[in-house]
Amino acid sequence: MSLFERIDELAEQGEPAALLTIVRKDGSAPRDVGDKMVVTDDEEYGTIGGGTVEHLAVQDARSVLSGADGPGVRTYELERGGNTGMVCGGEMEVFIDRVRRQARLYIAGGGHISMELAPLAERLGYAVTVVDDREAYADPGQFPDATDVIHGDYGEALGDLPMGTETAVAVATRSGTFDQDAVAAALDGEAGYVGLVASETKANHVLDSLAESGYARRDLSRVRTPVGLDLGGSGPAAVALSILAEVTMDRHDAAGERATRLNLEDLVVVRGGGDLGSGVVYRLQQAGFPVIVTEVEQPTVVRRAVAFGAALYEDEVTVEGVTGQAASDVDEALELLAGDVVPVLVDPEATVTNELDPAVLVDATMAKGQFDTGTRRSDADVVVGMGPGFEAGEDVDAVVETDRGHELGRVFYEGTASEYDGEPGERLGYTHERVLRSPADGNWTPTVAIGDSVTAGDVVGTVGDRPVETEIDGLVRGLVHGGLRVSEGTKLGDVDPRGEAVDPAKISDKALSLGGGVLEAALRLR
């Protein structure tokens, strides 16, 4: 029997196999380019040279078969100090590929769904078998010529068929008892995919009955029910398409997501690009949501090293590997989103929501309840407010607690967050002493930079001709942008008494916690 005949035989039997091919050799090597061998979980056919090199290649092939490693070229050094221990004096490259077995689809039940599913699956290369215990429904004339049709007991007929990871079983019989028999046979045969067409009540009955008869819940959890991907539509043809889409997705270990560069169905708009809002943006962007930030024209962001709002001054910023860039309009914002960049728009009222209809709107203006920000529950599918000033279930869908303590980052789906007490967070016993505030109205000119160390009494900048001094020793963690016109009492920056133990370029634990809360709300309410 030739090697390729053996491969066909293994594929027909449904046994996983790997094909090894020498694709390059340099110097002395035991076999030539093009020589092949086949490896299964417990056997080998052919040879690529024997000895240590073949032993290592077989091990690598079985790692591919187990899914621990992917297919590809492996290099084996046949010289002293090489990875084989052999002394032939050459080098050999072997391409290891997984041989895909014949994809099979077994359908339990020969009704309307089966008649739509069988021809569709065959066009995608599946070998299809239909089983029905009723002679009228086990009629080969109802199916394509290539479809095998079996008239017989569901459990017995399916149990006699070869199964494995490349086998999918779709169960669509007329009775929960027959469904149970078919699902049991599929699980016993270790089918790669098991789908059950049934209502929630019927599906629960089938699975509970199987559990009572001894099937482990971890195995029953593999049964896909409701069956298929949610593609919309109705009727047998739509159900068949959704089943086959899910079967194919599982077989190729795919995500089943849109392949478009940008999916605006998940768009999030975040009002406010300060450090706390930017922690939210970071969490959402890392989770795969496209995010647009809206800001006032000259935002008074303090922790500019970790604030996407700073892009309006510097055109582009990078916050822990995520790039934010100023956008002049919505079209430019969408272009930036397509490049995995966070656009920052001058749009104080977040009117972009009217144009793009986002899935989620997050109000991170941190108004602390001092004024109505204008955010309303109708602005997006999901609207989240951060901190006091919002009521979940009324003007927003959810509120995230911003006050430090045990509740920080907690999401409220009814009610409000804690009231603002006006006191900054405590650091080494310092609260308001940490904050740099403007002594008068005027133009702000900093004389230090974020990351500088300062000592109590140092002048860190001026407002007009009035000096601004730090009350404590520490590290300058944040400063608003120079040149801004500020009012008396405006927060200009903060000094962290922990000094160099703090990295001003890192998103704070508080901001990340708030981001986690917003992400929870977005995922739960979408």
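User: A pocket is an open set of points on a 1 Å grid, with protein on both sides within 12 Å along at least five of seven lines. What volume does the largest pocket have?
Analyst: The model under discussion is predicted. Rolling a probe the size of a water molecule over the atoms shows where empty space is left. For the largest pocket, the volume is about 1700 Å³.

User: Which residues that line the largest pocket are the closest to its centre?
Analyst: The lining of the largest pocket holds 50 residues. These divide into 18 charged, 17 polar and 15 nonpolar. The closest to the centre of the largest pocket are Leu-276, Thr-365, Met-366, Lys-368 and Lys-491.

User: Which element gives the largest share of the lining of the largest pocket?
Analyst: Two or more residues of this lining come from each of helix H9 (275-286), strand E13 (291-295), strand E21 (435-437) and strand E28 (491-496). The largest share, 3 residues, comes from H9.

User: Which residues lie closest to the centre of the second largest pocket?
Analyst: The second largest pocket has about 620 Å³ of space. Its lining divides into 10 nonpolar, 5 polar and 6 charged residues. Of the 21 residues that line the second largest pocket, the closest to its centre are Glu-257, Arg-258, Asn-263, Asp-266 and Gly-288.

User: Which are the edge strands of the open sheet of 9 strands?
Analyst: The order of this sheet is E14-E15-E16-E13-E12-E17-E18-E19-E20, and its pairing is mixed. An edge strand pairs on one side only, and the strands that do so here are E14 (316-319) and E20 (411-412).

User: Which residue in E28 is the bridge partner of Arg-437?
Analyst: An open sheet of 4 strands has the order E21-E28-E26-E23, with antiparallel pairing. Its edge strands are E21 and E23 (453-454). E21 and E28 pair over 3 bridges in the antiparallel sense. In E28, the bridge partner of Arg-437 is Lys-491.

User: Which residues of strand E10 point the other way from Tyr-193 and Gly-195?
Analyst: Strand E9 (residues 167-171) pairs with E10 in the parallel sense over 4 bridges, and Ala-168 stands opposite Tyr-193 in E10. In a regular strand the side chains alternate between the two faces of the sheet. In E10 (residues 193-196), all four named residues are buried; Tyr-193 and Gly-195 point one way, and the other way point Val-194 and Leu-196.

User: Is Thr-21 buried or exposed?
Analyst: Thr-21 is found in strand E1 (residues 17-26). Leaving aside residues up to four places away in sequence, Thr-21 touches Gly-34, Asp-35, Lys-36, Glu-93, Val-94 and Phe-95. Buried means under 20% relative accessible area. Because its relative accessibility is 13%, Thr-21 counts as buried.

Note on methods
Residues are numbered from 1 along each chain as its sequence is written. This is a predicted model: local features need pLDDT of at least 70, side-chain atom pairs count only at pLDDT 80 or more; totals for chains, interfaces and linings use all residues. Side-chain values use heavy atoms; hydrogens and water are left out. On a 1 Å grid over the protein atoms alone, a cavity is a set of points where a 1.4 Å probe fits but cannot get out, and a pocket is an open set with protein on both sides within 12 Å along at least five of seven lines; lining residues have an atom within 4 Å of a point. Grid points are joined across faces, edges and corners, and a volume is the space filled by probe spheres set on the points. Ala, Val, Leu, Ile, Met, Phe, Trp, Tyr, Cys and Pro count as nonpolar, Asp, Glu, Lys and Arg as charged, and the others, Gly among them, as polar. Two strands pair if DSSP finds at least two bridges between them. Buried means under 20% relative accessible area, exposed over 50%, partly exposed in between (1.4 Å probe, protein chains only). Contact means heavy atoms within 4.5 Å.
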